[in-house]
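Try each task before reading its solution.

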Amino acid sequence: MSATSAGLSTAAVAGAGGVEPETPVRAARRGRGWWRWAVFAVLGLYFLVPLAASTWFTLRSRDGVTADVYTGIPTAEGFAENLGRSLLLGVLTVVIALLLMVPTVVLVELRLPRWRPVVELLTLVPLLLPPIALVVGVRSVLAWAPDHFYGTPLAEAFFALQEPALPWILVLVYVVLALPFVYRALDAGVRGAQLRTLTEAARVLGASWPRLMLTVVLPVLRTSVLNAAFITLALVIGEFTVANILGFETFPTWIVRISGSQPRLSVAVSVLSLLLTWALLLLISALDRRRREEDPA
Amino acid sequence: MPFLLYVAVFLLLPVGVLAVEAFRAVDPVTFEESWSTANLGAIAEGAYARSYAGSLRLSAITAVLGAVLGLALAFAVVTSRRGRLLRRLVLTASGVLANFGGIPLAFAFIATIGTQGVVTAVLTGPLGLDGFSLYSMTGLALVYLYFLVPLMVLTIVPAIEALRPQWREAAEVLGASRWQYWRHVGGPVLAPPVLGATVLLFASAFAAYATARALVGSSVPLVTLQIADSLSSNVIVGAENLGKALALGMVVLVGLVMVFYTWVQRRASRWLA
(Lines give C-alpha, C1' and ligand atoms only; values in the text may rest on other atoms or scores of the structure.)
Protein backbone atom coordinates (compact mmCIF):
# COMPACT_ATOMS: atom_id res chain seq x y z
CA MET A 1 0.00 0.00 0.00
CA SER A 2 3.00 2.31 0.15
CA ALA A 3 2.51 3.32 -3.45
CA THR A 4 -1.08 4.09 -2.62
CA SER A 5 -0.38 6.42 0.22
CA ALA A 6 2.45 8.11 -1.61
CA GLY A 7 0.41 8.73 -4.73
CA LEU A 8 -2.60 10.10 -2.94
CA SER A 9 -1.17 11.79 0.09
CA THR A 10 1.31 14.04 -1.63
CA ALA A 11 -1.32 15.61 -3.76
CA ALA A 12 -4.64 14.94 -2.11
CA VAL A 13 -6.64 17.28 0.01
CA ALA A 14 -4.69 20.46 0.22
CA GLY A 15 -8.10 21.49 1.48
CA ALA A 16 -7.73 25.15 2.26
CA GLY A 17 -6.12 25.67 -1.10
CA GLY A 18 -3.62 28.25 -2.02
CA VAL A 19 -1.36 27.90 0.96
CA GLU A 20 1.48 26.01 -0.63
CA PRO A 21 4.29 28.20 -1.86
CA GLU A 22 3.94 29.14 -5.49
CA THR A 23 6.54 27.63 -7.73
CA PRO A 24 7.40 29.39 -10.93
CA VAL A 25 5.89 27.71 -13.94
CA ARG A 26 6.80 29.35 -17.17
CA ALA A 27 3.92 31.14 -18.80
CA ALA A 28 2.95 29.81 -22.18
CA ARG A 29 4.16 31.50 -25.29
CA ARG A 30 2.12 34.06 -27.14
CA GLY A 31 -0.56 32.90 -29.49
CA ARG A 32 -1.12 29.60 -27.78
CA GLY A 33 -3.44 30.85 -25.07
CA TRP A 34 -6.74 30.38 -26.87
CA TRP A 35 -7.44 27.01 -25.23
CA ARG A 36 -6.97 28.63 -21.83
CA TRP A 37 -9.67 31.17 -22.55
CA ALA A 38 -11.94 28.43 -23.82
CA VAL A 39 -11.44 26.48 -20.58
CA PHE A 40 -12.02 29.58 -18.45
CA ALA A 41 -15.10 30.55 -20.43
CA VAL A 42 -16.79 27.14 -20.35
CA LEU A 43 -15.97 26.23 -16.74
CA GLY A 44 -16.46 29.80 -15.58
CA LEU A 45 -20.00 29.73 -16.95
CA TYR A 46 -20.59 26.30 -15.42
CA PHE A 47 -19.46 27.46 -12.00
CA LEU A 48 -20.91 30.97 -11.97
CA VAL A 49 -24.35 30.40 -13.52
CA PRO A 50 -25.74 28.27 -10.64
CA LEU A 51 -24.54 30.81 -8.07
CA ALA A 52 -25.97 33.74 -10.00
CA ALA A 53 -29.21 31.91 -10.72
CA SER A 54 -29.59 30.89 -7.07
CA THR A 55 -29.10 34.47 -5.95
CA TRP A 56 -31.73 35.64 -8.43
CA PHE A 57 -34.03 32.83 -7.25
CA THR A 58 -33.86 34.17 -3.69
CA LEU A 59 -34.34 37.80 -4.69
CA ARG A 60 -37.21 37.59 -7.17
CA SER A 61 -40.79 37.70 -6.03
CA ARG A 62 -44.23 38.57 -7.39
CA ASP A 63 -43.76 42.28 -6.80
CA GLY A 64 -40.20 42.60 -8.10
CA VAL A 65 -36.89 42.29 -6.38
CA THR A 66 -36.79 42.00 -2.62
CA ALA A 67 -34.27 40.93 -0.02
CA ASP A 68 -36.83 39.87 2.56
CA VAL A 69 -35.58 36.26 2.49
CA TYR A 70 -32.19 37.43 3.68
CA THR A 71 -33.53 39.74 6.37
CA GLY A 72 -35.69 36.87 7.60
CA ILE A 73 -32.81 34.43 8.04
CA PRO A 74 -31.73 35.33 11.59
CA THR A 75 -35.23 34.94 13.00
CA ALA A 76 -36.16 31.83 11.00
CA GLU A 77 -37.37 28.95 13.11
CA GLY A 78 -34.46 26.67 14.01
CA PHE A 79 -31.77 28.71 12.25
CA ALA A 80 -29.93 30.09 15.26
CA GLU A 81 -30.32 26.88 17.24
CA ASN A 82 -28.98 24.58 14.53
CA LEU A 83 -26.21 26.86 13.29
CA GLY A 84 -25.17 27.28 16.92
CA ARG A 85 -25.15 23.53 17.46
CA SER A 86 -23.14 22.92 14.30
CA LEU A 87 -20.62 25.61 15.29
CA LEU A 88 -20.27 24.10 18.75
CA LEU A 89 -19.80 20.62 17.29
CA GLY A 90 -17.21 22.12 14.94
CA VAL A 91 -15.24 23.79 17.71
CA LEU A 92 -15.27 20.63 19.85
CA THR A 93 -14.14 18.57 16.86
CA VAL A 94 -11.30 21.01 16.16
CA VAL A 95 -10.13 20.87 19.78
CA ILE A 96 -10.18 17.07 20.00
CA ALA A 97 -8.64 16.58 16.55
CA LEU A 98 -5.78 18.96 17.36
CA LEU A 99 -5.21 17.49 20.84
CA LEU A 100 -4.99 14.10 19.21
CA MET A 101 -2.98 14.92 16.10
CA VAL A 102 -0.47 17.63 17.08
CA PRO A 103 1.34 15.35 19.56
CA THR A 104 1.05 12.43 17.15
CA VAL A 105 2.59 14.31 14.23
CA VAL A 106 5.37 15.75 16.40
CA LEU A 107 6.07 12.38 18.00
CA VAL A 108 6.22 10.65 14.62
CA GLU A 109 8.56 13.31 13.27
CA LEU A 110 10.94 13.36 16.25
CA ARG A 111 10.81 10.00 17.95
CA LEU A 112 9.01 7.36 15.89
CA PRO A 113 9.74 7.94 12.19
CA ARG A 114 9.21 4.23 11.61
CA TRP A 115 5.53 4.71 12.42
CA ARG A 116 5.05 7.31 9.72
CA PRO A 117 3.73 4.89 7.05
CA VAL A 118 1.22 3.44 9.51
CA VAL A 119 -0.08 6.85 10.54
CA GLU A 120 -0.18 7.98 6.92
CA LEU A 121 -2.17 4.94 5.88
CA LEU A 122 -4.60 5.17 8.79
CA THR A 123 -5.25 8.85 8.15
CA LEU A 124 -5.85 8.09 4.49
CA VAL A 125 -8.53 5.51 5.19
CA PRO A 126 -11.30 7.96 6.19
CA LEU A 127 -10.77 9.77 2.89
CA LEU A 128 -11.55 6.67 0.84
CA LEU A 129 -13.94 4.87 3.17
CA PRO A 130 -17.48 6.01 2.39
CA PRO A 131 -18.73 7.96 5.46
CA ILE A 132 -22.06 6.20 5.15
CA ALA A 133 -20.34 2.83 5.69
CA LEU A 134 -18.54 4.19 8.74
CA VAL A 135 -21.72 5.59 10.20
CA VAL A 136 -23.67 2.38 9.65
CA GLY A 137 -20.94 0.66 11.67
CA VAL A 138 -21.15 3.31 14.38
CA ARG A 139 -24.90 2.84 14.52
CA SER A 140 -24.43 -0.89 15.02
CA VAL A 141 -22.04 -0.29 17.90
CA LEU A 142 -24.43 2.21 19.49
CA ALA A 143 -27.20 -0.40 19.25
CA TRP A 144 -25.22 -2.59 21.63
CA ALA A 145 -26.21 -0.35 24.52
CA PRO A 146 -29.87 -1.40 24.74
CA ASP A 147 -29.15 -4.90 23.39
CA HIS A 148 -26.19 -6.14 25.38
CA PHE A 149 -25.26 -3.66 28.10
CA TYR A 150 -28.66 -2.62 29.35
CA GLY A 151 -28.54 -1.34 32.92
CA THR A 152 -24.75 -1.04 33.05
CA PRO A 153 -22.77 2.21 33.32
CA LEU A 154 -21.50 1.56 29.79
CA ALA A 155 -25.03 1.79 28.43
CA GLU A 156 -25.53 5.04 30.34
CA ALA A 157 -22.38 6.37 28.70
CA PHE A 158 -23.64 5.33 25.26
CA PHE A 159 -26.92 7.12 25.85
CA ALA A 160 -25.12 10.21 27.13
CA LEU A 161 -23.16 10.33 23.86
CA GLN A 162 -26.44 10.55 21.97
CA GLU A 163 -27.95 13.54 23.76
CA PRO A 164 -29.84 15.37 20.95
CA ALA A 165 -28.95 18.83 22.30
CA LEU A 166 -25.23 18.13 22.01
CA PRO A 167 -24.54 14.76 20.37
CA TRP A 168 -20.96 13.95 21.39
CA ILE A 169 -21.00 10.90 19.18
CA LEU A 170 -21.06 13.25 16.17
CA VAL A 171 -17.95 14.99 17.49
CA LEU A 172 -16.16 11.66 17.87
CA VAL A 173 -17.05 10.53 14.33
CA TYR A 174 -16.23 13.95 12.83
CA VAL A 175 -12.74 13.73 14.32
CA VAL A 176 -12.24 10.56 12.26
CA LEU A 177 -13.57 12.24 9.11
CA ALA A 178 -11.28 15.22 9.69
CA LEU A 179 -8.14 13.10 10.26
CA PRO A 180 -6.92 13.13 6.62
CA PHE A 181 -7.15 16.90 6.39
CA VAL A 182 -5.72 17.61 9.84
CA TYR A 183 -2.85 15.17 9.43
CA ARG A 184 -1.82 16.51 6.04
CA ALA A 185 -2.02 20.15 7.10
CA LEU A 186 0.07 19.49 10.23
CA ASP A 187 2.51 17.19 8.47
CA ALA A 188 3.21 19.85 5.83
CA GLY A 189 3.93 22.32 8.63
CA VAL A 190 6.24 19.95 10.48
CA ARG A 191 8.21 19.12 7.35
CA GLY A 192 8.64 22.79 6.51
CA ALA A 193 9.97 23.69 9.96
CA GLN A 194 13.32 22.69 11.41
CA LEU A 195 11.48 21.01 14.24
CA ARG A 196 14.25 18.67 15.29
CA THR A 197 16.79 21.45 15.70
CA LEU A 198 14.32 23.66 17.53
CA THR A 199 13.20 21.00 19.98
CA GLU A 200 16.76 19.88 20.65
CA ALA A 201 17.71 23.46 21.40
CA ALA A 202 14.74 23.81 23.73
CA ARG A 203 15.55 20.53 25.49
CA VAL A 204 19.18 21.53 25.97
CA LEU A 205 18.02 24.81 27.47
CA GLY A 206 15.97 22.80 29.96
CA ALA A 207 12.40 23.08 28.64
CA SER A 208 9.97 20.36 29.69
CA TRP A 209 7.96 18.54 27.01
CA PRO A 210 4.63 20.29 27.80
CA ARG A 211 6.39 23.66 27.82
CA LEU A 212 8.14 22.78 24.58
CA MET A 213 4.83 21.93 22.95
CA LEU A 214 3.25 25.21 24.01
CA THR A 215 6.11 27.63 23.43
CA VAL A 216 8.02 26.06 20.54
CA VAL A 217 5.96 23.59 18.56
CA LEU A 218 2.61 25.39 18.48
CA PRO A 219 4.03 28.78 17.41
CA VAL A 220 6.06 27.14 14.65
CA LEU A 221 3.01 25.24 13.43
CA ARG A 222 0.52 28.08 13.81
CA THR A 223 -0.33 28.37 10.11
CA SER A 224 -0.80 24.62 9.80
CA VAL A 225 -2.89 24.54 12.96
CA LEU A 226 -5.02 27.40 11.67
CA ASN A 227 -5.45 25.64 8.35
CA ALA A 228 -6.35 22.33 9.97
CA ALA A 229 -8.78 24.04 12.33
CA PHE A 230 -10.51 25.89 9.54
CA ILE A 231 -10.90 22.87 7.26
CA THR A 232 -12.26 20.84 10.16
CA LEU A 233 -14.70 23.54 11.19
CA ALA A 234 -16.05 23.92 7.67
CA LEU A 235 -16.21 20.15 7.24
CA VAL A 236 -18.34 19.78 10.37
CA ILE A 237 -20.65 22.68 9.56
CA GLY A 238 -21.35 21.21 6.13
CA GLU A 239 -21.54 17.55 7.18
CA PHE A 240 -24.86 15.89 6.38
CA THR A 241 -24.44 12.11 6.01
CA VAL A 242 -23.47 11.18 9.56
CA ALA A 243 -25.94 13.52 11.25
CA ASN A 244 -28.74 12.36 8.97
CA ILE A 245 -28.12 8.63 9.43
CA LEU A 246 -27.74 8.91 13.19
CA GLY A 247 -30.88 11.05 13.30
CA PHE A 248 -29.56 14.29 14.78
CA GLU A 249 -30.50 17.75 13.63
CA THR A 250 -27.64 20.01 12.61
CA PHE A 251 -27.34 22.98 10.27
CA PRO A 252 -27.34 21.00 6.98
CA THR A 253 -30.13 18.64 8.01
CA TRP A 254 -32.12 21.73 9.05
CA ILE A 255 -31.64 23.22 5.56
CA VAL A 256 -33.01 20.03 4.03
CA ARG A 257 -35.93 19.92 6.47
CA ILE A 258 -37.09 23.47 5.70
CA SER A 259 -36.54 23.15 1.95
CA GLY A 260 -40.00 21.69 1.42
CA SER A 261 -41.90 24.52 3.04
CA GLN A 262 -39.47 27.41 2.44
CA PRO A 263 -37.49 26.74 -0.74
CA ARG A 264 -36.25 30.32 -1.07
CA LEU A 265 -34.94 30.34 2.48
CA SER A 266 -33.07 27.07 1.98
CA VAL A 267 -31.43 28.36 -1.20
CA ALA A 268 -30.55 31.70 0.41
CA VAL A 269 -28.90 29.98 3.39
CA SER A 270 -27.04 27.62 1.03
CA VAL A 271 -25.62 30.41 -1.13
CA LEU A 272 -24.69 32.49 1.91
CA SER A 273 -22.88 29.59 3.57
CA LEU A 274 -20.89 28.86 0.39
CA LEU A 275 -19.89 32.50 -0.07
CA LEU A 276 -19.03 33.04 3.60
CA THR A 277 -16.84 29.93 3.68
CA TRP A 278 -15.08 31.12 0.54
CA ALA A 279 -14.53 34.60 1.97
CA LEU A 280 -13.04 33.12 5.16
CA LEU A 281 -10.77 30.84 3.16
CA LEU A 282 -9.56 33.76 1.02
CA LEU A 283 -8.85 35.74 4.18
CA ILE A 284 -6.83 32.91 5.70
CA SER A 285 -4.89 32.42 2.48
CA ALA A 286 -4.15 36.16 2.30
CA LEU A 287 -3.01 36.25 5.93
CA ASP A 288 -0.85 33.23 5.32
CA ARG A 289 0.76 34.83 2.30
CA ARG A 290 1.49 38.04 4.17
CA ARG A 291 3.11 36.06 6.96
CA ARG A 292 5.14 34.12 4.43
CA GLU A 293 6.40 37.33 2.86
CA GLU A 294 7.34 38.86 6.21
CA ASP A 295 9.04 35.74 7.46
CA PRO A 296 10.22 33.58 4.61
CA ALA A 297 11.66 30.89 6.87
CA MET B 1 -0.15 6.37 21.18
CA PRO B 2 -3.61 7.76 21.89
CA PHE B 3 -3.94 8.20 18.14
CA LEU B 4 -3.86 4.46 17.52
CA LEU B 5 -6.38 3.84 20.30
CA TYR B 6 -8.72 6.48 18.87
CA VAL B 7 -8.50 5.10 15.36
CA ALA B 8 -9.06 1.58 16.67
CA VAL B 9 -12.22 2.56 18.56
CA PHE B 10 -13.83 4.99 16.14
CA LEU B 11 -12.65 3.72 12.77
CA LEU B 12 -11.61 0.08 12.89
CA LEU B 13 -14.21 -1.08 15.42
CA PRO B 14 -17.26 0.23 13.47
CA VAL B 15 -15.96 -1.22 10.20
CA GLY B 16 -15.20 -4.52 11.93
CA VAL B 17 -18.66 -4.65 13.46
CA LEU B 18 -20.08 -3.94 10.02
CA ALA B 19 -18.13 -6.86 8.59
CA VAL B 20 -19.46 -9.20 11.27
CA GLU B 21 -23.06 -8.09 11.54
CA ALA B 22 -23.59 -8.13 7.78
CA PHE B 23 -23.61 -11.89 8.22
CA ARG B 24 -26.38 -11.87 10.82
CA ALA B 25 -29.96 -12.41 9.79
CA VAL B 26 -33.20 -12.07 11.74
CA ASP B 27 -35.80 -14.76 11.39
CA PRO B 28 -39.06 -13.02 10.37
CA VAL B 29 -41.18 -15.34 12.54
CA THR B 30 -39.22 -15.93 15.73
CA PHE B 31 -37.10 -12.73 15.60
CA GLU B 32 -34.06 -14.78 16.45
CA GLU B 33 -30.70 -13.82 15.04
CA SER B 34 -28.50 -16.34 13.35
CA TRP B 35 -25.45 -16.52 11.11
CA SER B 36 -26.35 -16.35 7.48
CA THR B 37 -25.18 -15.21 4.09
CA ALA B 38 -28.75 -14.32 3.13
CA ASN B 39 -27.98 -10.58 3.25
CA LEU B 40 -25.05 -10.91 0.92
CA GLY B 41 -27.14 -13.02 -1.42
CA ALA B 42 -29.91 -10.44 -1.34
CA ILE B 43 -27.70 -7.48 -2.20
CA ALA B 44 -26.25 -9.24 -5.23
CA GLU B 45 -29.55 -9.22 -7.12
CA GLY B 46 -32.61 -7.15 -7.95
CA ALA B 47 -32.93 -3.53 -6.89
CA TYR B 48 -29.81 -3.69 -4.74
CA ALA B 49 -27.59 -4.92 -7.54
CA ARG B 50 -29.09 -2.20 -9.76
CA SER B 51 -28.20 0.43 -7.17
CA TYR B 52 -24.58 -0.78 -7.07
CA ALA B 53 -24.46 -0.68 -10.86
CA GLY B 54 -26.00 2.80 -10.86
CA SER B 55 -23.52 4.09 -8.28
CA LEU B 56 -20.52 2.54 -10.02
CA ARG B 57 -21.52 3.86 -13.43
CA LEU B 58 -22.26 7.36 -12.16
CA SER B 59 -18.99 7.48 -10.17
CA ALA B 60 -16.89 6.16 -13.04
CA ILE B 61 -18.32 8.59 -15.59
CA THR B 62 -18.18 11.62 -13.32
CA ALA B 63 -14.69 10.71 -12.07
CA VAL B 64 -13.27 10.56 -15.61
CA LEU B 65 -15.12 13.69 -16.76
CA GLY B 66 -14.15 15.50 -13.58
CA ALA B 67 -10.52 14.47 -13.98
CA VAL B 68 -10.35 15.70 -17.59
CA LEU B 69 -12.08 19.02 -16.91
CA GLY B 70 -10.21 19.54 -13.65
CA LEU B 71 -6.89 18.86 -15.35
CA ALA B 72 -7.72 21.39 -18.07
CA LEU B 73 -8.70 24.01 -15.49
CA ALA B 74 -5.63 23.32 -13.36
CA PHE B 75 -3.36 23.74 -16.41
CA ALA B 76 -5.15 26.91 -17.43
CA VAL B 77 -4.74 28.39 -13.95
CA VAL B 78 -1.14 27.33 -13.39
CA THR B 79 0.17 28.51 -16.76
CA SER B 80 -1.85 31.70 -16.78
CA ARG B 81 0.33 34.77 -17.15
CA ARG B 82 -1.42 37.03 -14.68
CA GLY B 83 -2.07 34.10 -12.44
CA ARG B 84 -1.59 35.13 -8.83
CA LEU B 85 -4.98 36.50 -7.91
CA LEU B 86 -6.74 34.11 -10.28
CA ARG B 87 -4.87 31.21 -8.80
CA ARG B 88 -5.82 32.14 -5.29
CA LEU B 89 -9.46 32.69 -6.21
CA VAL B 90 -9.72 29.38 -8.04
CA LEU B 91 -7.92 27.36 -5.38
CA THR B 92 -9.87 28.75 -2.44
CA ALA B 93 -13.16 28.34 -4.33
CA SER B 94 -12.11 24.77 -5.11
CA GLY B 95 -11.41 24.18 -1.44
CA VAL B 96 -14.92 25.29 -0.55
CA LEU B 97 -16.73 23.38 -3.30
CA ALA B 98 -14.71 20.17 -3.06
CA ASN B 99 -14.90 19.74 0.70
CA PHE B 100 -17.91 21.56 2.05
CA GLY B 101 -20.36 21.59 -0.86
CA GLY B 102 -22.88 18.80 -0.43
CA ILE B 103 -26.19 20.26 0.63
CA PRO B 104 -25.63 23.89 -0.50
CA LEU B 105 -24.72 22.67 -4.00
CA ALA B 106 -27.87 20.63 -4.30
CA PHE B 107 -30.00 23.65 -3.46
CA ALA B 108 -28.08 25.96 -5.76
CA PHE B 109 -28.82 23.56 -8.60
CA ILE B 110 -32.46 23.15 -7.63
CA ALA B 111 -32.81 26.93 -7.81
CA THR B 112 -31.06 26.97 -11.17
CA ILE B 113 -32.38 24.04 -13.18
CA GLY B 114 -34.92 22.43 -10.88
CA THR B 115 -38.59 22.44 -11.80
CA GLN B 116 -39.01 26.03 -10.59
CA GLY B 117 -35.45 26.98 -11.50
CA VAL B 118 -34.37 30.29 -12.97
CA VAL B 119 -32.48 28.77 -15.91
CA THR B 120 -35.17 26.13 -16.44
CA ALA B 121 -37.62 28.93 -17.13
CA VAL B 122 -35.29 30.37 -19.79
CA LEU B 123 -34.57 27.00 -21.38
CA THR B 124 -38.14 25.75 -21.60
CA GLY B 125 -39.67 29.16 -22.33
CA PRO B 126 -37.83 31.21 -24.98
CA LEU B 127 -35.52 28.42 -26.12
CA GLY B 128 -38.12 25.71 -26.19
CA LEU B 129 -35.72 23.05 -24.90
CA ASP B 130 -37.36 20.35 -22.91
CA GLY B 131 -36.75 16.92 -21.54
CA PHE B 132 -33.81 17.52 -19.24
CA SER B 133 -34.47 16.67 -15.63
CA LEU B 134 -32.19 17.58 -12.77
CA TYR B 135 -33.71 14.73 -10.79
CA SER B 136 -32.10 12.00 -12.90
CA MET B 137 -28.71 10.35 -13.36
CA THR B 138 -27.66 13.03 -15.88
CA GLY B 139 -28.78 15.73 -13.49
CA LEU B 140 -26.85 14.15 -10.65
CA ALA B 141 -23.75 13.89 -12.83
CA LEU B 142 -24.03 17.61 -13.60
CA VAL B 143 -24.15 18.42 -9.88
CA TYR B 144 -21.43 15.93 -8.92
CA LEU B 145 -19.04 17.58 -11.39
CA TYR B 146 -19.56 20.80 -9.46
CA PHE B 147 -17.57 19.34 -6.57
CA LEU B 148 -15.45 16.80 -8.48
CA VAL B 149 -13.80 19.31 -10.85
CA PRO B 150 -12.65 21.47 -7.90
CA LEU B 151 -11.42 18.35 -6.11
CA MET B 152 -9.35 17.48 -9.18
CA VAL B 153 -7.94 21.01 -9.34
CA LEU B 154 -6.94 20.93 -5.67
CA THR B 155 -5.34 17.52 -6.02
CA ILE B 156 -3.46 18.02 -9.25
CA VAL B 157 -2.18 21.61 -9.05
CA PRO B 158 0.77 20.65 -6.80
CA ALA B 159 1.74 17.92 -9.28
CA ILE B 160 1.59 20.31 -12.25
CA GLU B 161 3.65 22.84 -10.36
CA ALA B 162 6.25 20.19 -9.70
CA LEU B 163 6.91 19.90 -13.46
CA ARG B 164 10.16 21.83 -13.75
CA PRO B 165 10.45 24.39 -16.54
CA GLN B 166 14.02 23.12 -17.00
CA TRP B 167 12.75 19.74 -18.23
CA ARG B 168 10.81 21.40 -20.97
CA GLU B 169 13.74 23.65 -21.84
CA ALA B 170 16.06 20.65 -21.94
CA ALA B 171 13.63 18.82 -24.21
CA GLU B 172 13.36 21.85 -26.50
CA VAL B 173 17.10 22.33 -26.67
CA LEU B 174 17.40 18.70 -27.71
CA GLY B 175 14.91 19.39 -30.50
CA ALA B 176 11.78 17.80 -29.05
CA SER B 177 8.42 19.00 -30.28
CA ARG B 178 5.61 19.94 -27.92
CA TRP B 179 4.01 16.55 -28.54
CA GLN B 180 7.25 14.68 -27.89
CA TYR B 181 7.76 16.57 -24.63
CA TRP B 182 4.33 15.52 -23.36
CA ARG B 183 4.67 12.01 -24.76
CA HIS B 184 8.04 11.25 -23.16
CA VAL B 185 8.50 13.70 -20.27
CA GLY B 186 5.46 15.55 -19.00
CA GLY B 187 2.93 12.77 -19.54
CA PRO B 188 4.78 9.97 -17.75
CA VAL B 189 5.60 12.27 -14.83
CA LEU B 190 2.01 13.43 -14.46
CA ALA B 191 0.35 10.06 -15.08
CA PRO B 192 0.62 8.60 -11.54
CA PRO B 193 -0.79 11.67 -9.74
CA VAL B 194 -3.54 12.01 -12.35
CA LEU B 195 -4.50 8.38 -11.85
CA GLY B 196 -4.40 8.77 -8.08
CA ALA B 197 -6.59 11.85 -8.26
CA THR B 198 -9.07 10.06 -10.51
CA VAL B 199 -9.34 7.26 -7.95
CA LEU B 200 -9.96 9.86 -5.25
CA LEU B 201 -12.69 11.42 -7.41
CA PHE B 202 -14.24 8.02 -7.94
CA ALA B 203 -14.29 7.27 -4.21
CA SER B 204 -15.73 10.69 -3.52
CA ALA B 205 -18.53 10.30 -6.07
CA PHE B 206 -19.23 6.74 -4.97
CA ALA B 207 -19.60 7.81 -1.34
CA ALA B 208 -21.66 10.92 -2.08
CA TYR B 209 -24.93 10.87 -0.21
CA ALA B 210 -25.90 14.38 0.84
CA THR B 211 -26.24 15.81 -2.66
CA ALA B 212 -28.22 12.84 -3.93
CA ARG B 213 -30.53 12.78 -0.92
CA ALA B 214 -31.31 16.49 -1.18
CA LEU B 215 -31.80 16.29 -4.95
CA VAL B 216 -33.57 13.08 -5.80
CA GLY B 217 -34.75 11.56 -2.53
CA SER B 218 -34.60 7.91 -3.47
CA SER B 219 -35.94 7.90 -7.02
CA VAL B 220 -32.54 7.17 -8.57
CA PRO B 221 -30.84 3.80 -7.90
CA LEU B 222 -27.77 4.70 -5.82
CA VAL B 223 -26.36 2.46 -3.17
CA THR B 224 -25.95 5.22 -0.56
CA LEU B 225 -29.65 6.04 -0.88
CA GLN B 226 -30.53 2.34 -0.60
CA ILE B 227 -28.52 2.05 2.62
CA ALA B 228 -30.30 5.02 4.16
CA ASP B 229 -33.66 3.60 3.09
CA SER B 230 -33.01 0.19 4.55
CA LEU B 231 -31.90 1.73 7.85
CA SER B 232 -35.06 3.79 8.18
CA SER B 233 -37.35 0.98 7.08
CA ASN B 234 -39.69 -0.37 9.71
CA VAL B 235 -41.46 -2.63 7.28
CA ILE B 236 -38.97 -5.35 6.43
CA VAL B 237 -37.64 -7.43 9.29
CA GLY B 238 -33.87 -7.48 9.30
CA ALA B 239 -33.59 -4.53 6.90
CA GLU B 240 -31.01 -3.04 9.25
CA ASN B 241 -28.68 -5.97 8.62
CA LEU B 242 -29.31 -5.63 4.91
CA GLY B 243 -28.12 -2.03 5.21
CA LYS B 244 -24.96 -3.29 6.89
CA ALA B 245 -24.39 -5.77 4.08
CA LEU B 246 -24.86 -2.98 1.51
CA ALA B 247 -22.38 -0.78 3.39
CA LEU B 248 -19.90 -3.65 3.62
CA GLY B 249 -20.27 -4.12 -0.13
CA MET B 250 -19.29 -0.47 -0.64
CA VAL B 251 -16.21 -0.91 1.52
CA VAL B 252 -15.22 -4.02 -0.43
CA LEU B 253 -15.71 -2.26 -3.79
CA VAL B 254 -13.61 0.73 -2.73
CA GLY B 255 -11.01 -1.74 -1.46
CA LEU B 256 -10.94 -3.50 -4.84
CA VAL B 257 -10.50 -0.18 -6.63
CA MET B 258 -7.58 0.60 -4.32
CA VAL B 259 -5.98 -2.80 -5.00
CA PHE B 260 -6.31 -2.20 -8.74
CA TYR B 261 -4.88 1.30 -8.33
CA THR B 262 -1.89 0.01 -6.36
CA TRP B 263 -1.27 -2.64 -8.99
CA VAL B 264 -1.34 -0.06 -11.81
CA GLN B 265 0.98 2.24 -9.84
CA ARG B 266 3.45 -0.63 -9.35
CA ARG B 267 3.37 -1.47 -13.04
CA ALA B 268 3.77 2.19 -13.95
CA SER B 269 6.71 2.72 -11.62
CA ARG B 270 8.44 -0.39 -12.94
CA TRP B 271 7.88 0.79 -16.48
CA LEU B 272 9.22 4.25 -15.69
CA ALA B 273 12.29 2.85 -13.98
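**Exercise 1.** Find the residues with the most contacts inside the largest nonpolar core.

*Solution.* Start with the core itself: the largest one has 156 residues. Such a core is a set of buried Ala, Val, Leu, Ile, Met, Phe, Trp, Tyr and Cys residues joined through C-beta atoms within 7 Å, where buried means that 20 or more other C-beta atoms lie within 10 Å of a residue's own, with C-beta atoms placed from the backbone. Val173(A), Ala74(B) and Met152(B) have the most contacts inside this core. Helix 7 of chain B (residues 137–161) gives the most to the core, 16 residues; helices are DSSP runs of H or I, at least four residues, numbered from the N terminus.

This is a predicted model, in which local features need pLDDT of at least 70, side-chain atom pairs count only at pLDDT 80 or more, and totals for chains, interfaces and linings use all residues. Residues are numbered from 1 along each chain as its sequence is written, and chains are lettered from A and ligands numbered from 1 in the order in which they are written.

**Exercise 2.** List what Val173(A) is in contact with, leaving aside neighbours within four places in sequence.

*Solution.* Contact requires C-beta atoms, placed from the backbone, within 7 Å. In chain A, the partners are Leu134(A), Val135(A), Val138(A) and Val242(A). From chain B comes Phe10(B).

**Exercise 3.** Describe how helix 6 and helix 9 of chain A cross.

*Solution.* The axes of helix 6 (residues 131–142) and helix 9 (residues 168–192) of chain A come within 12 Å and cross at roughly 145°; axes are lines fitted to C-alpha atoms over the stretch in contact, and angles run from 0 to 180 degrees between N-to-C directions. Among the residues making this contact are Leu134(A) of helix 6 and Val173(A) of helix 9.

Notes:
Buried ≥ 20, exposed ≤ 12 C-beta atoms within 10 Å, placed from the backbone. Helix = DSSP H or I, 4+ residues; strand = E, 2+ residues; numbered from the N terminus. Contact = placed C-beta atoms within 7 Å.
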